[in-house]
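Please look through the sequence and the structure shown here before reading on. The briefing after it takes up a few selected places.

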Amino acid sequence: MARRGCNVVLERVLIFILSLGFTFNFTSAQLRYSIPEELTTGAVVGNIAKDLGMEPSVLISRGFRIVSGSRDSLFQINNNGVLHVSRKIDREEVCERIAACIINIKTVLENPLEVHYVAIEVLDVNDHSPTFPDNETHLEISESALSGARFQLQGARDPDSGVFSVQQYRLSQNDNFRLEIKDRGRDGKIPFLLLHKPLDREAARSHGLLLTAVDGGKPARSGTMKILINVLDVNDNMPTFSSDSYTAELNENSPVGTTIIQVNATDQDEGLNGEVVYSFGYNVNDNLRKLFQLDTFTGSITVKGVLDFEANDRYEIDIKASDKGPVPLSTEKSVIIAIVDLNDNAPEIEITSLSSAIPEDSKPGRTVALISVNDKDSGVNGKVMCSIIDDVPFTLTPSLQENMFSLVTKSLLDREHKSKYKVTIIARDAGEPALSAWKTISVTISDVNDNSPEFSTSPYTFYVTENNAAGASLFSVNAFDNDEGGNALISYNILRSGDQHKTLTSFLNINSETGEIVALKSFDFETLKTFQFQVVASDSGSPSLSSNVTVNVFILDQNDNAPVILYPVSSNGSAEGVEEIPRNVNAGHLVTKVRAYDADIGYNGWLLFSLQEVTDHSLFGLDRYTGQIRTLRSFTETDEAEHKLVILVKDNGNVSLSATATVIVKLVEPKEAFAASDVKSAAKDDEDNNVTFYLMITLGSVSVLFIISIIVLIAMQCSRSTDYTSKYLPETNYDGTLCHSIQYRSGDKRYMLVGPRMSIGSTIVPGSHANTLVLPDRRRTCEEDTPRSWMIRWHGQSDISTKKPII
């Protein structure tokens, strides 16, 4: 914290890219901090939240984080937006032999996406003392060495940089030698021992000196090395190199053993004093010795290790040429080797930020991901181009920041067409041959409620048998939605609008989840034959979408109505009557006619009459279709005066329903018959008036309903087909409950209606013994005496109000 405020530079660059035609949201800014090395873990580097002018809560909500950098593990950002040191930083380890040690990190903010670059300069601290490779060095100098002779010494090394590196050398006080310093720039200062006064071996066989290296710190640090000089006898010629300088170029990654250059030196002395051998200079460190090899006898320099242009593009090697004289003389020369870059590094692709899912209603130009590429090569070998190799609705757009791209949508998306895309990004450099890298990212398309529910059938048509169980399922509708999740969750309800429609649908209920429809009451075909309603299917999206379907329901008739006896009916309501006939009637005399009706239609309403019980089978006969009871023969004196007939009336349903009527036939003498008839007629007038009134109301209601049904069926048949078939019963004098049938179609089903046909234009025609209801029709009638008409006869006297109809 002592130097937290030192050298803090805030540089923001706000890039407006709308004018350049780019559609992704991307801003960048540059922050720069300076810190000393060796800070403890947790030391504060700078307050990024404050320097960016943002509240820490905003940074947290926008997912502020470090996404990349040359040293990811050196720094961390806490929840307050403060950048601090995550571990102790040694500048000499992080930036070895680099003058300005700058660590670049990249931070990202989401919603909208912002990238901020932070540069952290690590300042050197004088925490190392200069050291020599050896604590002691030995030199052998001939006494014949002339004044001014120079001898290179091993230079001291200080890992610190700048003013904290080795700044000067000091030589202990002596009469023969002086110290000379040569500045090699990046390689530092090299000390040379200069012979100031010729040596006299006879005066001194050796000399001991102390060389001190001092850095520029305050306080300064230093290191020492002992120099032991042995004075040799005369070998007065030093080897001489054939060239003043040696320079060579070498491709990186050259194979081991490749010859780089050959140096050459000669010595004018003879014998061993003239033989030259080569060696590396004192200043050649171990790293160089691992990369290069020197032939001692030929001076040839060859490749020993792997040379990487990205690691170092230039090497300077000191070569020493020495003779083999008793007192060897040597000369040093520098060889400069320049490394030529080859395209040996493929591009690297880094996904800086990737959206988890993209809504399908995203407009073209929406940013999906930020992509950065890097190539360690230089020049054209390091120029990278990015592209997408798949046919997908995405494209790459370059950023103002070099080697930064945005993956954006280029067309509209449809999740129902495709919900996930595999996008392959390929990066290719401009080298020869070109190198490339690729990375595949998965882009998920999230659903938007853009599809309404659809019914599997429209409209629906269902046939329901009457007398269904209340609360039982009748049928179900089904709809589907191409969306997913909650947008595809469908609920059903019945549309109830209008008073009449509400009345019809009030007895229906629908399961909102399954679409199963149940009836809250039983249907009665005789009351309701068909109805229509609408079902609405709505999804659970926001906003919700819905669709309607029409449901047509046809009620099918069941044989649920037993025949009702209209005549005979006694005063207490039972189906029982007494008929008196003269004993002298002939065979075929009409005794009476049993009248009945059935509320069902078709075969369920077609009634048949039969004698269930009779006193004498030879006396009376019953017409099966009309219910007429006639005598089969004339009566004799031996025949009983009273006969009981029980008539069974049943319909033609699959499970027949029936009713019975009892007729008591009394035989009287002719005069008594006429008198009894007059008395009986007068006595029954008042009694029959009320019964007849109720019967006529019942008959009228049934007739109206029946006529309406027939009209509806005729209209349906006319709209589909005119192929009607009428069948009449074979009896010419038939006037029972049914006399023909009609076949019709509804959709792909076929029905047959059996029963009388009536129309609105029917009229009653009076006659001498009966009243006839004439129904105009172009077809054949059931009665021969009324051609081109159908008739319902009223049996009895001329007063129509007292007559009982045969249905």
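The model is predicted: local features need pLDDT of at least 70, side-chain atom pairs count only at pLDDT 80 or more, and totals for chains, interfaces and linings use all residues. Residues are numbered from 1 along each chain as its sequence is written, and side-chain values use heavy atoms, with hydrogens and water left out.

- Strand 30 covers residues 404–409; strands (E, at least two residues) and helices (H or I, at least four) are DSSP runs, numbered from the N terminus.
- Six of the six residues of strand 30 are buried, so the strand is largely enclosed by the rest of the structure. Buried means under 20% relative accessible area, exposed over 50%, and partly exposed in between, with a 1.4 Å probe and protein chains only.
- Both faces of the strand are covered, with M404, S406 and V408 buried on one side and F405, L407 and T409 buried on the other.
- Strand 30 pairs with strand 27 (residues 367–374) in the antiparallel sense over five bridges. Two strands pair if DSSP finds at least two bridges between them.
- Strand 29 (residues 394–398) also pairs with strand 30 in the antiparallel sense, over five bridges, and L396 stands opposite L407.
- Strands 29 and 30 form a hairpin with five residues between them. N403 in the turn has a positive phi of about 60°.

**F405 within strand 30**

- F405 is buried, with a relative accessible area of 11%.
- I371 stands opposite F405.
- Leaving aside neighbours within four places in sequence, F405 is in contact (heavy atoms within 4.5 Å) with A369, L370, I371, V373, C386, L396, T397 and P398.
- F405 and I351 are 54 residues apart in sequence and 9.8 Å apart in space, C-alpha to C-alpha.

- Strands of a sheet pair through backbone hydrogen bonds, either parallel or antiparallel.
- Three bridges join strand 18 to strand 22 (residues 300–303), and I261 stands opposite I301 in strand 22.

**Aromatic pairs**

- The structure holds 14 aromatic pairs. Rings of Phe, Tyr and Trp (its six-membered ring) pair if their centres lie within 6.5 Å; planes under 30 degrees apart count as stacked, over 60 as edge-to-face and the rest as tilted.
- F455 and Y460 form an edge-to-face pair, 6.4 Å centre to centre with 85° between the planes.
- F455 is buried at 12% relative accessibility, and Y460 is buried at 7%.
- F507 and F531 form an edge-to-face pair, 5.9 Å centre to centre with 80° between the planes.
- This pair links distant parts of the chain, 24 residues apart: F507 is in the loop between helix 5 (499–505) and strand 38 (508–510), and F531 is in strand 40 (residues 530–539).
- Both F507 and F531 are buried.
- Ring pairs link F455, Y460, F462 and F475 into a cluster.

**Charges over rings**

- K521 lies over the face of F507, at 4.9 Å from the ring centre. A charge sits over a ring if NZ of Lys or CZ of Arg is within 6 Å of the ring centre and within 35 degrees of the ring normal.
- R150 lies over the face of F192, at 4.4 Å from the ring centre.
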